Every structure is written in structure tokens, then in C-alpha cells.
Amino acid sequence: MSSNHKEVLLRVDNLVKHFPINRGVFQHQVGVVHAVDGVTFNVYRGETLGLVGESGCGKTTTGRTILQLYRPTSGHVYFEGVDLVALKSGEMRRMRRKIQMIFQDPYASLSPRMTIGEIIGEPLLVHHVGNAQEIRERVKYLLDVVKLSPSFTDRYPHEFSGGQRQRIGIARALALQPSFIVCDEPISSLDVSIQAQVVNLLDDLQRQFNLTYLFIAHDLSMVRHLCDRVAVMYLGITVEMAARADLYRMPLHPYTQALLSAVPIPDPVADSQRQRVILEGDVPSPVDPPSGCRFRTRCPIAKPICAEQVPDFRELRPGDFVACHFAEQFLN
């Protein structure tokens with residue numbers, strides 16, 4: 001199905017989030033951190049959009065700003081046609097029944113002083129959904145859904161492994177029957193042997209409850225198995241967005257090519273024959289990003305125009321967008 005015939009559940013329009021830098025006794029502002037600097041994309045109902053990039057590129061800040069955990073500096077976030085940025089706190093609180101988040105660290109995101117039943121049931125209490133008995137039954141049902149024993153309700157987080165804790169976090173996110181979930185690197189802190197189990201669980205839950213995911217990650221090999229489309233971020237901006245098959249078959253941005261060239265291939269012969277793209281230098285500071293194209297200081301094909309002119313985020317293939325002055329040379 002083409003994107004023109006899909007229902008847009010979430011629309012992010014030129015989203016900007018800057019964090020002020022204050023110094024001195026009176027905390028005067030001396031600059032800003034350009035964490036997110038004009039991100040635009042759609043998320044269609046029922047799909048998984050992957051948001052990938054190096055650490056510090058703004059992925060997590062984008063996810064938290066979409067959910068209004070951080071208030072944006074500018075831009076708009078439309079969920080089911082409602083601008084979340086314009087909502088007052090009470091209105092946003094009611095909207096949170098439909099949008100939830102699975103956090104990266106299952107050790108830090110669960111209160112050690114609460115039982116598992118209290119953790120999963122807390123959203124139901126906050127939003128006044130059901131009486132005490134109904135909440136207990138709902139908690140047991142959710143534990144069963146994430147493949148944990150309903151008898152765990154009276155235990156505490158320290159009694160569980162990292163993978164089990166992340167399943168508890170997933171159950172908490174599902175408590176209010178949301179339609180959209182931001183998954184903030186939900187497997188990055190887990191053992192490799194557990195990662196595939198959690199990804200398969202998320203995939204099963206998506207089909208079971210018709211969920212829509214924004215899946216934030218830095219592991220492109222895992223994103224390939226879960227996401228329908230992939231958006232690539234670099235230093236606060238989106239440099240490429242494409243259907244999963246197109247992105248992995250023919251990436252059009254040099255940064256995406258570098259990321260994909262670092263993904264291990266299980267075939268030793270194919271791995272030895274492929275061309276690695278080695279990026280030189282470090283990611284520039286988000287306090288003072290480069291002029292023009294932000295990737296130009298590490299780009300192997302950069303030319304003078306890259307320092308002078310910001311490349312447009314343009315559609316080169318149907319549904320595939322890239323921000324590069326010279327991306328046409330990678331089209332076959």
C-alpha cells in the first residue's frame with residue numbers, strides 16, 4: 001500500500017528542541033544545545049518507523065519531545081489531528097492514555113519501592129480506570145500478555161532479570177491500551193540472547209493490539225527485522241528516510257552508507273568483499289554545528305557548496321527522502 005493511502009497517526013512538523021546553556025552566578029544564557037533542529041516525518045497507523053543514528057544525535061530527545069516530556073522550542077506534533085504542543089497540561093494528561101513510552105533502561109525506569117503489581121497498575125490508578133479488583137485482574141492479564149507469570153504481582157523489581165524488567169515496562173506501557181508507543185532503545189541494555197525475544201514480543205503485541213511504534217535504536221541490524229520505514233538522524237536533523245528495503249539495498253546518504261557498512265554480515269565471503277566506509281573525525285558539538293550540511297566535516301564526498309548551503313530534504317525515490325546535494329550519484 002502506498003503512503004498516500006495510509007492513515008497518518010502522528011505528524012511531526014519542523015520539530016525543534018534547544019537546551020539553554022547557562023553560566024555565572026546569575027545563570028545568564030550563553031548558548032544553546034541544538035539537540036533537535038527541524039525534524040519532520042509522518043508515522044502511519046499500524047507501522048513501525050525506526051529512528052536511528054549515533055549516540056547524541058537527538059533520537060531520544062525527539063521521542064521525548066513528541067510525547068511532550070520535553071516541551072519543544074518550536075514546531076508541531078499532531079496526533080490524530082490534534083496538536084500536542086498546543087494542549088494544556090490537563091488535556092495532555094488525558095491524551096497520554098493513547099501515547100506511551102518504553103524506556104531504555106529497565107533498571108532505572110522501575111521504582112524499587114513498588115511491587116510489580118503497583119508499577120503496572122499505576123497508570124490505571126492515575127487515570128481512574130477501574131476499581132481495585134479490576135485493576136488487579138488487568139495487571140495479571142498484562143503480565144500474561146508479556147509472557148510473565150501473573151503470580152509475580154507482589155514481587156519487587158530487584159527480583160527480576162533485565163529482560164524480565166523490560167517486559168514489565170512493556171506491560172506498564174500497555175496498561176491504558178494506547179495506540180502509539182515510543183520504544184526508546186528498549187533492547188540496547190539487554191543481553192544479546194534476550195534482545196531477539198523482546199523484539200519478537202513487540203512484534204507479536206503490535207499485531208495483537210494494532211499498535212504503532214516509533215522504534216529508536218542505534219543497531220541497524222535489529223531495526224531491519226522490525227521496522228517498515230527507517231529515518232536516519234545526524235546531529236539533530238534527519239538526513240535520510242526510506243522504506244526499509246530501499247534503505248538497506250541502496251542508501252542514498254553517505255552517513256547512512258557508513259552506518260550500514262559497519263553492520264556485521266554472517267557470510268564471511270560477502271563481508272570480506274564489501275566496501276567499508278570509515279568516517280574520520282568526531283561528531284561536531286551540537287552547541288556549534290557546522291554551517292551548510294552538518295555531515296560535511298566527516299563526509300567523503302563533500303564539496304565547497306556543502307559548507308555554504310543547507311541541502312534540501314527532498315524526495316529522490318517515491319517515499320524516499322534524503323538531505324544531500326549529491327545523492328543522485330548513488331541512484332542506479
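Let's start with the sheet: in this predicted model, eight strands line up as an open sheet in the order 6-7-8-3-9-10-12-11, and their pairing is mixed. At the edges sit strand 6 (99-102) and strand 11 (314-317), each of which pairs on one side only. Ignoring direction, neighbouring strands of this sheet are turned by 25° against each other on average.

Now look inside the sheet, at strand 3 (residues 48-52) and strand 9 (residues 229-234). These two pair in the parallel sense, over four bridges.

Helix 1 (residues 59-66) touches strand 3, strand 6, strand 7 (180-184), strand 8 (212-217) and strand 9, and the direction of helix 1 makes about 150° with that of strand 8. Helix 9 (residues 254-261) also packs on the sheet, touching strand 9 and strand 10 (237-243); here the angle between the directions of helix 9 and strand 9 is about 105°.

Next, a helix pair. Helix 5 (residues 162-174) packs against helix 6 (residues 192-209) at an angle of about 15°, with the axes 10 Å apart. That angle is why helix 5 counts as roughly parallel to helix 6: the cut-off for that label is under 35 degrees. The crossing of helix 5 past helix 6 is right-handed.

Which residues meet there? Helix 5 brings G163, R167, I170 and L174, while helix 6 brings I194, Q197, V198, L201, L202, L205 and F209. Sorted by class, this contact has eight nonpolar residues, two polar and one charged.

Definitions and conventions
Residues are numbered from 1 along each chain as its sequence is written. This is a predicted model: local features need pLDDT of at least 70, side-chain atom pairs count only at pLDDT 80 or more; totals for chains, interfaces and linings use all residues. Side-chain values use heavy atoms; hydrogens and water are left out. Axes are lines fitted to C-alpha atoms, for helices over the stretch in contact, and angles run from 0 to 180 degrees between N-to-C directions. Angles under 35 degrees count as roughly parallel, over 145 as roughly antiparallel, 65 to 115 as roughly perpendicular and the rest as oblique. A crossing is left-handed if the near helix is turned anticlockwise from the far one by less than a right angle, and right-handed if clockwise. Contact means heavy atoms within 4.5 Å. Ala, Val, Leu, Ile, Met, Phe, Trp, Tyr, Cys and Pro count as nonpolar, Asp, Glu, Lys and Arg as charged, and the others, Gly among them, as polar. Two strands pair if DSSP finds at least two bridges between them.
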